[in-house]
Amino acid sequence: MAFGHEKLTVDATVRSLTIPNDVNFAHIVVETGPIRLRIDGTDPATAVGVLVGAGDSFTVYGRDTLKGLNMVEATSTDAVINVAYGVANTGIHGVITNTAV
């Protein structure tokens, strides 16, 4: 079973995940600063994309969705995210669920 962890600073440059082999989901916690994200492989901008605030978390299912996830800071403040990777046998694919921390 594959697992992994990544800590990433999301700034004005569009960022994507470094996905370990054999994982199909990631739980992402936005520690500081809001981010904007897109899951279609297109770059978000500070005013374009799904807004996720500091203290929020979300889960991404499906390897192709993980590969298409791009993030950028939503304000001039850099954000720090923590990502936990794993293998889910849920049958859910390409879904993002927002949850409050």
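**Exercise 1.** In this predicted model, determine in which sense strand 3 and strand 6 pair, and over how many bridges.

*Solution.* Start with the residue ranges: strand 3 covers 25-32, and strand 6 covers residues 56-61. The two strands pair in the antiparallel sense, over five bridges.

**Exercise 2.** Find how many bridges join strand 3 to strand 8, and name the residue opposite Val30.

*Solution.* Strand 8 spans 79-86. Strands 3 and 8 run antiparallel and are joined by seven bridges. Opposite Val30 stands Ile81, in strand 8. Strand 3 therefore has strand 6 as one partner and strand 8 as another; strands of a sheet pair through backbone hydrogen bonds, either parallel or antiparallel.

**Exercise 3.** Give the strand order of the open four-stranded sheet and identify the strands at its edges.

*Solution.* The order is 2-7-4-5, with antiparallel pairing. Strand 2 and strand 5 (50-52) each have a single partner strand and stand at the edges, so one side of each is left without a neighbour in the sheet. Within this order, strand 4 (residues 35-38) and strand 7 (residues 70-73) are joined by four bridges and run antiparallel. Leu37 has Met71 in strand 7 as its bridge partner.

**Exercise 4.** Describe the largest nonpolar core and trace the contacts of Ile28.

*Solution.* The core holds 20 residues, and those touching the most other members are Leu17, Ile28, Ile35, Phe58, Leu69, Met71 and Ile81. Two or more residues come from each of strand 1 (4-10), strand 3, strand 4, strand 6 and strand 8. Strand 8 gives the largest share, four residues. Next, leave out residues up to four places from Ile28 in sequence; Ile28 then touches Leu17, Asp56, Ser57, Phe58, Val60, Leu69, Ile81, Asn82 and Val83.

**Exercise 5.** Classify Asp22 and Val87 as buried, partly exposed or exposed, and locate each in the chain.

*Solution.* Asp22 sits in the loop between strand 2 (15-16) and strand 3. Its relative accessibility is 63%, and exposed means over 50%, so Asp22 counts as exposed. Asp22 also has a positive phi of about 65°, although it is not a glycine.

Val87 belongs to the loop between strand 8 and strand 9 (96-100). With a relative accessible area of 29%, Val87 is partly exposed. To finish, compare sequence and space: Val87 and Phe3 are 84 residues apart along the chain, while their C-alpha atoms are separated by 7.2 Å.

Conventions: Residues numbered from 1 in each chain as written. Predicted model: local features only at pLDDT ≥ 70, side-chain atom pairs only at ≥ 80, totals over all residues. Heavy atoms only, no water. Buried < 20%, exposed > 50% of the residue type's maximum accessible area, 1.4 Å probe, protein only. Pairing = 2+ DSSP bridges. Core = buried A, V, L, I, M, F, W, Y, C linked by side-chain atoms within 4.5 Å. Contact = heavy atoms within 4.5 Å.
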